[in-house]
Amino acid sequence: MSNRSFIICLLIVLFSDLYADESYCFRIYLHEKGETEYTLERPESFLSPAALERRQKRGIEVGPTDLPISPVYIDSLSALGGELVVQSKWLSTVVMVARDSLFAGRVKELTIVDSVKWIWKGDPEAPYYGERTSEDRLEARDMLLKNVYGYAEE
């Protein structure tokens with residue numbers, strides 16, 4: 001009877017870890033942005049009027065770094081189990097959150113991906129009191145240390 005109880009407890013412990021409610025956030029560096037419907041001849045189709053006005057005041061021309069990342073690239077990354085958090089057209093990177101830590105390995109196999117960096121792990125639905133914004137969803141659930149040396153002085 002004690003062997004059966006031990007095995008049941010062991011299975012409960014193993015499976016509770018598998019179903020932990022944690023997410024992983026990755027920055028995905030792309031080789032290139034891919035083909036889009038946008039062209040440099042029509043910057044008003046992908047830049048706001050305010051951005052165009054700022055560029056005109058400062059004499060900055062619209063260039064290839066201003067073109068957005070291809071939606072096909074974003075869709076192919078999302079199809080592997082990631083959810084888009086933010087993208088940087090200037091750096092050709094996207095930040096995605098996934099429930100599965102193996103998402104990074106699947107993404108690295110794509111030819112469009114240069115590299116993948118793990119940037120965050122935590123509970124995406126951590127309790128939050130007050131108005132929730134999109135920036136709050138990656139808030140760490142651990143308390144920040146007041147010591148600049150972290151745990152090194154403990």
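**Reading the fold and a ring pair**

Tutor: The protein chain has four helices and four strands, where helices (H or I, at least four residues) and strands (E, at least two) are DSSP runs, numbered from the N terminus. This is a predicted model, where local features need pLDDT of at least 70, side-chain atom pairs count only at pLDDT 80 or more, and totals for chains, interfaces and linings use all residues. Residues are numbered from 1 along each chain as its sequence is written, and side-chain values use heavy atoms, with hydrogens and water left out.

Student: In what order do the elements run from the N terminus on?

Tutor: They go α-β-α-α-β-β-α-β.

Student: Why is the pair of Phe26 and Phe103 called tilted?

Tutor: Rings of Phe, Tyr and Trp (its six-membered ring) pair if their centres lie within 6.5 Å; planes under 30 degrees apart count as stacked, over 60 as edge-to-face and the rest as tilted. The count here comes to two aromatic pairs. For Phe26 and Phe103 the centres are 5.9 Å apart and the planes sit at 40°, so this pair is tilted. It also links distant parts of the chain: Phe26 is in strand β1 (residues 23-30) and Phe103 in helix α4 (residues 103-108), 77 residues apart.

Student: How do you know that Phe26 is buried?

Tutor: Buried means under 20% relative accessible area, exposed over 50%, partly exposed in between (1.4 Å probe, protein chains only). Phe26 has 4%, so it counts as buried.

Student: And what makes Phe103 buried?

Tutor: Its relative accessibility is 0%, so Phe103 gets that label too. Of the 154 residues of the protein chain, 27% count as buried.
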